[in-house]
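Here are my notes for your read-through. Keep the viewer open and follow along point by point.

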Amino acid sequence: MRMSWAATDMQTSLRGIAEKARRDPKVRFRNLYGLLNEQNLRWCFYQLRKDAASGVDGITFEEYERDLDENLSKVVERLKGKRYRAKLVRRKHIPKGDGKTRPLGMQALEDKLLQMASAKILTAIYEEDFLDCSWGYRNRRGAREASRVLAGELQRGKYGWVVEADIRGFFDHMDHNWMVKMLEERVEDRAFVRLIRKWMKAGVLEEDGEVIHPATGTPQGAIISPVLSNIYLHYVLDLWFEKVVKRKSKGEAYIIRYADDFVCAFRYRADAKRFEAALTGRLGKFQLEVAPEKTRTLRFSRHVDEPNEAFEFLGFEFRWVKRRTGKMGVRRRTSPKKLQASIQAFTAWIKKYRHCRITTIMRQVCRKFRGYWNYYGVRGNTESLSKLYWVCMRSLFKWLNRRSQKRSYTWKGFNEMQKHFGIPPPRIMEPA
């Protein structure tokens, strides 16, 4: 019963905060620190991932749950006595498709628990402030839907130029002092802000054992990081574009942002160039910088003959093409880089696990294809889906036949097995 009471109490508090934030855009919230009590933390605890990797303390979800009441009592006691200390963040470097790596931070379980509760509180406040152009890490706002909205806006709007830009190492360069100032626009609770600052300044334990104490940034992978990044870019980019860039533009101007990835569209080249020139100074004010090699202004118009320029956003390539009706339309297809990376990842996977049981392999193949169709299965992308499917199926056929010295399958037998396990063929999942 205590879990249900905690859920009711926390959800009622969050609804009250959201309603107050909606009614008064200038109100500053107090007594948020007091919401980090045992009942509310218990509710948040059961929303943590049970299979998540442990932090430097090595404590898993199951171990913490065995004596949950006592553990929660102790962490709340430390919070009340202002004796809570953020633990080191264990960092792991995950390979990216371009040969680089992405640093991923893994927090201790109690840090994750408190971050979960704090993130819910901040989300309740700032969700009322965030603009429609912000799509990343928000409820009912997925990346595929963001790509659809962008394609529709470009199709209907009077735009002729697109600026695609990239913020270099955004999560590593968020300025802590600016972040605190932004939080204090809506939060008048020193203890709560101080707690968030502890997580931002927590030391990082690298894979080689070195401990780094960051002066800027917030760890990628931390539960609190998504909402903090949205708050930061809400003030740095979204409001600036809405209140300054649009007003100074002679024609239509549009921005869509997913986390730190964003695209802007303008009717006139002069407006696009002015924005690109001003962007460096605007980001520099907040200790951020543009990646010049990934920032450009390109012509993007239905009035340009094919083949015309294209840009990439959220794993999709956007380009004007002539449709079967003879009219020009904005086509979304899988980014060639992402398509090639997906094929290479599938090949590496089946090569490594080809000796597993066939049932296990085919179950994983089905999951991989379903996940791919669910995201990339958009109208106009059939060719890319089919290419990935057939290349991956040939790779599957090749490596299953190398499970032993004797050839395991003919194409006929392979196709029968494929039907038996119900491998999903390419399909468009996006609703009309």
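1. Two strands count as paired if DSSP finds at least two bridges between them. Helices (H or I, at least four residues) and strands (E, at least two) are DSSP runs, numbered from the N terminus. With that in hand, look at β10 and β11 (residues 328–334): they pair in the antiparallel sense over seven bridges. Tryptophan 320, for instance, has valine 330 in β11 as its bridge partner.

2. Before going on, a word on the source: this is a predicted model, where local features need pLDDT of at least 70, side-chain atom pairs count only at pLDDT 80 or more, and totals for chains, interfaces and linings use all residues. Residues are numbered from 1 along each chain as its sequence is written, and side-chain values use heavy atoms, with hydrogens and water left out.

3. β10 has a partner in β9 (residues 311–313) too, through three antiparallel bridges, and phenylalanine 313 sits opposite phenylalanine 316 there. The β9–β10 hairpin has two residues between its strands, and leucine 314 in the turn has a positive phi of about 60°.

4. How enclosed is strand β10 (residues 316–322)? Six of its seven residues are buried, so the rest of the structure largely encloses it. Buried means under 20% relative accessible area, exposed over 50%, and partly exposed in between (1.4 Å probe, protein chains only).

5. Now find serine 147 in helix α6 (residues 143–156). Serine 147 is buried, at a relative accessible area of 0%. Its side chain makes a polar contact with the side chain of arginine 332 (3.0 Å). That term means a pair of N or O atoms within 3.5 Å; within protein, one must be able to donate a hydrogen and the other to accept it, and residues adjacent in sequence count only if both atoms are side-chain atoms.

6. Elsewhere, four strands make an open sheet in the order β2-β1-β4-β5, with mixed pairing. β2 (101–106) and β5 (211–212) are at the edges with a single partner strand each, so one side of each has no neighbour in the sheet. Six bridges join β1 (residues 89–95) to β2, running antiparallel, and lysine 92 stands opposite leucine 104 in β2.
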